[in-house]
Amino acid sequence: MSLQIGDLVRVRGEDWLGKRLGIVTEVKQLVHDPSGEGYTAITALVGTQSFTFSERDFELVKRVDKND
């Protein structure tokens, strides 16, 4: 799926967040040291708080339009 900074997203399965919408503010490629497994971590601003989860924990609502 490859989320980008500025995309409008919804956090999946996090009922304590109320499934609120957020804006992607950071995308990082990370490596888990013990296993060597790589993954993408996404940070999104939801309301006034930032949350960081794996990319699979987000649902894309609307792609940012780079032409604006």
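How many aromatic pairs does a search of the whole structure find? In this predicted model, the search finds two aromatic pairs. A pair of aromatic rings is described by the distance of the centres and the angle of the planes. The rings of F51 and F53 have centres 6.3 Å apart and planes at 5°. Planes under 30 degrees apart count as stacked, so the pair of F51 and F53 is stacked. The other pair is formed by F53 and F58, with 6.0 Å from centre to centre and 55° between the planes. This pair is tilted. Through these ring pairs, F51, F53 and F58 are linked into a cluster.

Buried means under 20% relative accessible area. F51 counts as buried because its relative accessibility is 12%. F53, at 18% relative accessibility, counts as buried. F58 is likewise buried, with a relative accessible area of 0%.

A further position examined was V64. This residue is found in the segment after strand 5, which spans residues 58-62. V64 has a relative accessibility of 26% and therefore counts as partly exposed, a class that lies between the buried limit of 20% and the exposed limit of 50%. Along the chain, V64 and D7 are 57 residues apart, yet their C-alpha atoms are separated by 4.8 Å. When residues up to four places away in sequence are not counted, V64 touches Q4, I5, G6 and D7.

How values were computed. Residues numbered from 1 in each chain as written. Predicted model: local features only at pLDDT ≥ 70, side-chain atom pairs only at ≥ 80, totals over all residues. Heavy atoms only, no water. Helix = DSSP H or I, 4+ residues; strand = E, 2+ residues; numbered from the N terminus. Buried < 20%, exposed > 50% of the residue type's maximum accessible area, 1.4 Å probe, protein only. Contact = heavy atoms within 4.5 Å. Phe/Tyr/Trp six-rings, centres within 6.5 Å; stacked < 30°, edge-to-face > 60°.
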